[in-house]
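Here are my notes on the two ligand sites. Please read them beside the model.

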Amino acid sequence: MTQAAPLPEWYKSAVFYELSVRTYADGNGDGKGDFPGLTSKLDYLKNLGVDCLWLLPFYPSPLRDDGYDVADYTEIHPDLGTLDDFKVFLREAHVRGLRVIGDLVMNHTSADHPWFQAARRGPTLPDGSPNEYFDYYVWSDTGTEYPEARIIFTDTETSNWTLDEMAGKYYWHRFFSSQPDLNYDNPRVQEEFLNVVRFWLDLGLDGFRVDAVPYLIEREGTNGENLPETHAILRELRRAVDEEYPGRLLLAEANQWPEEVVEYFGTETKPEFHMAFNFPVMPRLYMSLRREDTSSIREIMDRLPQIPSFGQWATFLRNHDELTLEMVTDDERAFMYAAYAPDARMKINVGIRRRLAPLLDNDRRRIELLTTVLLALPGSPILYYGDEIGMGDNLSLSDRNGVRTPMQWNAGISGGFSTALPEQCFFPPNQDPVYGFQRVNVYSQELDPSSLLKWVSRQLEVRRHLPAFAYGDLTFVDTDNPAVLAFTRHHDGETLLIISNFAGSAQPVQLDLAAHAGRLPVSLAGGSHFPTIGEEPYPLTLGKYDYYWLKLSGVR
Ligand SMILES: OC[C@H]1O[C@H](O[C@H]2O[C@H](CO)[C@@H](O)[C@H](O)[C@H]2O)[C@H](O)[C@@H](O)[C@@H]1O
Ligand SMILES: [Ca+2]
C-alpha cells in the first residue's frame, strides 16, 4: 500500500480533475484507455496543477451505463489493466503528490453482478433453504409501490420497476433497468459495502466520490430521496472511514436543492460527507451568462445553509453526465434549453449533453470567465478532463457518451490517445473541424504560451498561493449592475475581491466597498494598483466577459 502524505483536510485546498481511465490514454494500443496509459500521463496532470484525480468507475462491468453498472467491486475491468497496474498507478500518483479518489456506486449493481444473478432464483432455493441474496435487492409482486419516486432516466425508462422473468417478481431500480437497486434495509448489504471501501482504502486510495446517495432507501408515501434512514447509513460509512482510515475523503453526489444537499454534510458531532457537489449553483452560472444577470448566483449561494467546519463544497462546470437541469425551476429549465440546446440532439433526460467549450460557443472569454468564477467561489473546483484544452463533444454518440470521447494529446493517429485507428477506439476520437484532435490537443497548446491550457495552468498556480480561495469566507458586494458579480473571500487577514462581468459588452459598475475603505486593490495578474477604496461607491468598467482578481492590501 502507498499512502499520500498526511495533511488534515487536504481536500479543502485541492483542485480535483475528473477522468475516465477508459478514454484518457491507451498504453497497449488496443483502442481502450488503461492504467498504464494513465500512469504515463501523471506528469502532465502534475504540471497542469491539479491535486487529486477522481477516477470514474474502473471495475468489471458490462458497460450498459459506462461502468456505473458494476459487476465486481473489488477488481479492475480487464480492458483497463490489472490490479497490479492499478497499484503501480497509485504509487506513481502518490510519488508526485497527487491524490486519487475512486467512484463508489453503492445504490445499485449491474444486473450481471453475481449477487443479482443469485437473487433472481427467488426467496427460497430448490432445496427449501432461504436464498440469502434475494434480500440484497428490492422486490415486489406487483411493481406498484413507491409511486411518488420520480424516474431519473426519463428518456429510457417508463417505470422504476422491471419484471424479472426468472424470479417472477418486479425489482426496483432508480436508474436503468440494468441497474437493480440494492436493499439497504438489509444490514448485510451495508456490511458488503464497508468491506468494498476497506478493500480500496487498504490499497491506499484517498477516498471516494459516492454515487447517487439520495436513493439508498425507499419508503411508501415518500419520493424515496434523502430519507432519514439513508442518512443513517451514510453516517455509518463516514464513522467507519474516520475510525479506520482517517484523512480519507468521502464526496457526496446528491443532486438536490440547497436545503437537502447540505444535509449530506451531517453535523459537527454526527458527520456524514466531507464534501458535496454544489449542484444548485452550476446551472445558474450558465444562466447568468445568457441573461447577463447574476442575481440567481447570489440568491442560490445565499440559500446554501452553513456547513460544518470539516465540510467543503465541490464546485464544477461540467462532468461526464448531462448538464443537469434538475435543480432549476420549470421556467429556468425552459430558458436553459432555449439558450444552450438549440439542436434536439443536445437534450437528454433532464439536461444538456454538451461540453464546456461548445456550450460557450468556443468563446475564450466566456470559458475564462466561468472558469475564474469556478476557481473563486467557495469550494474545491473539479475540472472535467479535456475542458482544460477546450475539447468538444460528439452528438452522434448515444446517451451521454458524446462528452466522453478520448483525451486529445496530439495531432497524430487517434489524437495520441491510442496507436489504434480511430475506428478501433472505444469511443471515436473527435475529428470535427473545430474541436477535433488535429486542431485541439495538448501538444500544440503546450507549445503556445497563450493557449487555454497554459492559461488554466497559470490560474491554478495563482489560486494555489492564496489560501483565501480555499478557506475564505464569502461576502457578496452590492453592485448597481446585475451583469457584474462581485464578492470577497476573506481568510486569516487576507481579502480577495473577485469581480466578473457576465455581459457580452463592456459594463460600468459601482461597487459598495465602504466596508473596505482605505484599502488598496492590487491585481493578482501583474500587480497593478487600482485606486484606493473610499466610503463612496467604487466605480469600475469591465470589458465584455472581463474579470478582475484583486487582493485588498491594508487593514480591514
Ligand atoms: O449510476 C447511475 C448514474 O448515477 C450518477 O447519476 C447522476 O447523474 C444523473 C444524470 O446523468 C443525475 O440525474 C442523477 O441525479 C445523478 O445521480 C452518475 O453520475 C451517472 O453517470 C450514472 O448514470
Ligand atoms: Ca488499452
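1. Glutamate 253 places a polar side-chain atom 3.0 Å from an oxygen atom of ligand 1. For aspartate 321 the corresponding distance is 2.5 Å. For arginine 400 it is 2.9 Å. A polar contact here is a pair of N or O atoms within 3.5 Å. Taken alone, ligand 1 exposes 470 Å², and the protein buries 98% of that (Shrake-Rupley method, 1.4 Å probe).

2. This is a predicted model: local features need pLDDT of at least 70, side-chain atom pairs count only at pLDDT 80 or more, and totals for chains, interfaces and linings use all residues. Side-chain values use heavy atoms, without hydrogens and water; residues are numbered from 1 along each chain as its sequence is written, while chains are lettered from A and ligands numbered from 1 in the order in which they are written.

3. The shell of ligand 1 holds 19 residues (a heavy atom within 4 Å). The closest are Asp65, Asp211, Asp321, Glu322 and Glu326. By class, 6 are nonpolar, 4 polar and 9 charged; Asp, Glu, Lys and Arg count as charged.

4. The calcium ion (ligand 2) is coordinated by Asp26 (OD), Asn28 (OD1), Asp30 (OD), Lys32 (O) and Asp34 (OD), at 2.2 to 2.4 Å. For Ca, donors are N, O and S atoms within 3.2 Å; water is not among the atoms, so the site may look incomplete. Along the chain, the donors follow the spacing D-x1-N-x1-D-x1-K-x1-D.

5. Is asparagine 28 buried or exposed? Asparagine 28 counts as exposed, because its relative accessibility is 54% and the cut-off is over 50%. Aspartate 30, at 32%, is partly exposed, between that cut-off and the 20% under which a residue is buried.

Methods:
Polar contact = N/O pair within 3.5 Å; in protein donor to acceptor, adjacent residues only side chain to side chain. Donors = N, O, S within 2.8 Å, 3.2 Å for Na, K, Ca; no water. Buried < 20%, exposed > 50% of the residue type's maximum accessible area, 1.4 Å probe, protein only.
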